[in-house]
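Please read them alongside the coordinates.

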Amino acid sequence: DFERVYPLIRKYAAEMGKEVEVLGDLQGPKFRVAELEGEPVPLNNGDVLEFGICKDDNDNIRPGRITMKSTKEQLALITACKVGTTLLIEDGIMEVRVVEK
């Protein structure tokens, strides 16, 4: 929507004789998770789940466990996470917090 809104901001700022600064919040890296094993896994508020790197090609997402394929980025994410770290899932629709490592 930036392509639509930014010119409008500039247009109306100029009409009003105002200088307006625009700050863009860029999306961070997207981390892809492994394949889903069976039916979709519902996540409910307060659920505790394990989030980690696939142990092998058969270590798919299942109830209680979300896995990612092993890449430099995914390993860096797991290494950097500390208790209290907040992770956003599904483009920020869901938020999870690291409670144990």
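How many salt bridges does the structure hold? The count is three. The model is a predicted one, and the points below take the pairs in turn.

1. Glu50 and Arg65 form a salt bridge, with 2.7 Å between the closest N and O atoms. This pair links distant parts of the chain: Glu50 lies in strand 1 (residues 50–53) and Arg65 in strand 2 (residues 65–68), 15 residues apart.

2. Glu50 is partly exposed because its relative accessibility is 41%, between the limits of 20% and 50%. Arg65 has a relative accessible area of 4%, so Arg65 counts as buried.

3. Arg65 also meets Asp59 in a salt bridge, at 2.5 Å from N to O. Are Arg65 and Asp59 buried or exposed? Both Arg65 and Asp59 are buried. For Asp59 the relative accessible area is 5%, and the cut-off for buried is under 20%.

4. Asp59 has a salt bridge with Arg62 as well, where the N to O distance is 3.0 Å. Arg62 has 29% relative accessibility and therefore counts as partly exposed.

5. Which residues do the shared partners join into one network? Glu50, Asp59, Arg62 and Arg65 are joined in this way.

Conventions. Residues numbered from 1 in each chain as written. Predicted model: local features only at pLDDT ≥ 70, side-chain atom pairs only at ≥ 80, totals over all residues. Heavy atoms only, no water. Salt bridge = Lys/Arg side-chain N within 4 Å of Asp/Glu carboxyl O. Helix = DSSP H or I, 4+ residues; strand = E, 2+ residues; numbered from the N terminus. Buried < 20%, exposed > 50% of the residue type's maximum accessible area, 1.4 Å probe, protein only.
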